[in-house]
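Visitor: Could you take me through the aromatic side chains of this model, and show how their rings are placed against one another and against charged groups?

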Amino acid sequence: MNLLSIENLTKSYGEKVLFKQVTFGIDEGDKIGLIGVNGTGKSTFLQVIAGVEPADAGKITTGNNVQIEYLPQNPEFDANATVLEQVYKGHSPVMKVLKEYEQVLMQGQQCPGDEACQKRLIILTQQMDAQNAWQLESDAKTILTKLGIFDFTAIVSTLSGGQRKRIALASALINPADLLILDEPTNHIDNNTVAWLEQYLAKRKGALLMITHDRYFLDRVANRIIELDKGNLYAYTGNYSTFLTAKSEREEQQEASERKRQNILRNELAWIRRGAQARSTKQKARIERFEELSAQTPLTADAQLEIAVGASRLGRKIIEIRDITKTYEGKTLIKNFSYIVLKNDRVGIIGPNGSGKSTLLNLIAGRLPADSGQVEVGQTVKLGYFSQESTEMNQNLRVIEYIKEEANYLPTADGGTISAAQLLERFLFPPGQQWTQIAKLSGGEKRRLFLLRVLMSAPNVLLLDEPTNDLDVQTLSILEDYLEDFPGAVIVVSHDRYFLDRLVDKIFAFEGQAKITQYPGNYSDYQEKVSMQEAEQADHRKSEPPKKQGGQDKPKGRPRKLSFKEQREYEQIEDVIAGVEQELAQITAAINTAGSDFELLQELTKKQQELETRLDELLNRWTYLNELVAEFDN
């Protein structure tokens with residue numbers, strides 16, 4: 001079933017054409033990822049489809065009773081609303097009932113003897129029954145909990161920017177919609193939450209149109225990719241991996257077409273220079289053909305963002321962190337942490353939001369003092385700090401002025417130099433855009449410019465705080481190429497799993513209670529180790545402590561065959577999994593009927609989370625045992 005059709009859509013921003021004559025449709029079940037270089041108009045394209053921004057020309061037709069829900073990159077909030085009031089912001093009847101019910105319920109708790117309030121609560125309860133709103137209420141609180149929001153009565157104005165974005169995301173997810181439009185939904189959420197959102201959207205019924213730079217997310221959720229490139233829209237069937245192959249083929253065809261056009265032009269130009277006579281109809285047609293070919297815009301492949309800059313020499317001593325501790329607002333974020341940074345370190349820092357990841361970078365950079373302990377930086381170290389918020393950018397400056405404030409020239413890896421203007425061109429800022437005010441750039445273009453400013457200082461140690469936020473996929477790919485060859489240390493905070501997998505060889509994980517654990521390998525290696533540890537802990541809880549014989553431990557390593565205990569576990573694990581799944585279904589049913597009993601709902605939600613964790617552990621263990629059996633059979 002077709003939900004939405006777009007015909008000949010055109011939109012310009014000043015003299016810049018963002019997209020022209022775009023035609024495509026969205027069907028029920030489509031999960032579409034929109035990609036393109038920053039500044040091409042991706043967010044504007046979503047705004048036009050959502051009806052927030054008018055198009056210059058073209059037509060958008062929606063099906064009968066099709067509901068569209070839109071999450072912008074920078075949502076608006078009611079500063080005085082509570083979390084739940086903000087989540088129930090929709091204007092549909094069910095959202096209005098939910099919002100009023102929560103307000104009256106809160107009043108009733110504050111004034112338990114208020115008869116008018118109790119009567120109104122009874123009426124609203126009946127309306128909730130009629131609207132089947134209890135499931136939505138349960139979903140809203142479950143989703144908020146999954147997104148790390150636990151205080152549903154908190155006032156929105158008291159929360160951080162990241163928390164407010166997650167509340168807006170929860171609101172978009174629970175509002176009934178046939179088409180869900182999301183602009184960078186993975187920004188400001190941690191790795192575990194991204195993985196949950198990925199699974200939620202993959203299972204969600206209804207169509208999805210989203211902008212995201214998370215390539216794993218696109219690969220696992222999207223079944224269509226549309227690319228906005230130089231005002232044109234290209235559609236591909238399949239996920240991100242399929243898109244990469246199809247785009248490569250398209251660019252090869254374009255290059256072949258352009259070579260053919262140039263060959264024809266050369267032949268026609270030679271014919272005209274020989275003194276073509278313009279008297280016959282055939283000769284006139286040939287001259288017109290030449291003029292038409294000359295006027296055509298060349299179909300060239302995307303410009304490649306190149307970063308071939310040099311770096312300052314790095315001495316033996318880099319950075320030594322000794323027993324640092326940091327407490328913020330009574331909460332200890334980091335306790336007795338020590339580490340010696342090595343010359344070619346590639347360290348990824350992960351953990352829940354608010355756990356202290358950015359604080360650790362600020363301590364290393366000297367932007368925050370430690371409560372105790374020391375951070376010693378070597379004399380030859382030149383730090384480049386790419387912070388999460390580029391608030392220090394002077395919006396009134398022009399692009400080239402902002403870069404020249406740092407340096408006019410930059411040494412390159414081959415011993416030469418490159419000017420600020422040349423480097424801007426390599427960063428996809430053509431000469432005409434270099435004199436644009438920073439305030440007129442898109443969010444992604446500002447991030448790209450800020451990154452260039454950091455690299456313009458020729459650092460030899462890079463601290464990157466969420467560098468993938470708001471950067472397009474092409475810029476990310478080239479940045480990864482640069483970081484792989486960077487002649488110095490890189491320490492990065494990121495929730496982008498693809499970025500971490502490609503770049504880092506060491507993970508610092510914030511694991512609660514100010515504990516930072518170091519893991520060798522990239523993010524996938526870390527996930528595998530954590531899953532194995534959880535499976536071993538679950539196995540250990542089920543079994544009795546092993547008895548030692550002769551005071552000697554059994555030799556470590558994979559056994560040549562399943563032990564007796566593993567064989568029994570292998571035979572029984574599918575029944576155990578079925579039992580947990582059945583119990584989980586019963587808990588889910590209980591949540592659906594919990595109604596307004598909030599204490600019971602919290603208890604059931606906690607039990608549901610425990611069962612889901614237990615089920616994940618069992619499935620990981622089942623996979624491990626099956627791999628063992630298959631290996632022994634082979």
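**Aromatic rings and their neighbours**

Guide: Phe-243 has a relative accessibility of 4% and therefore counts as buried, a term that stands for under 20% relative accessible area, whereas over 50% is exposed and the range in between is partly exposed (1.4 Å probe, protein chains only). Tyr-240, at 7% relative accessibility, counts as buried too. Before going further, please keep in mind that this is a predicted model, in which local features need pLDDT of at least 70 and side-chain atom pairs count only at pLDDT 80 or more, while totals for chains, interfaces and linings use all residues. Residues are numbered from 1 along each chain as its sequence is written, and side-chain values use heavy atoms, with hydrogens and water left out.

The structure contains 13 aromatic pairs. One of them joins Tyr-240 and Phe-243, whose ring centres lie 5.7 Å apart with the planes at 35°, so this pair is classed as tilted. Rings of Phe, Tyr and Trp (its six-membered ring) pair if their centres lie within 6.5 Å, and planes under 30 degrees apart count as stacked, over 60 as edge-to-face and the rest as tilted. Both residues belong to helix 9 (residues 240-273), and because they are three residues apart in that helix, about one helical turn separates Tyr-240 from Phe-243. Helices here are DSSP runs (H or I, at least four residues), numbered from the N terminus. An α-helix has 3.6 residues a turn, so residues three or four places apart point the same way.

Elsewhere in the chain, Phe-19, Phe-24 and Phe-45 are linked by ring pairs into a cluster.

Charged groups also meet aromatic rings, and for these a charge is said to sit over a ring if NZ of Lys or CZ of Arg is within 6 Å of the ring centre and within 35 degrees of the ring normal. Arg-448 lies over the face of Phe-429, at 5.1 Å from the ring centre, and Arg-453 is placed over the face of Tyr-402, where the distance from the ring centre is 4.6 Å.

Notes:
Helix = DSSP H or I, 4+ residues; strand = E, 2+ residues; numbered from the N terminus.
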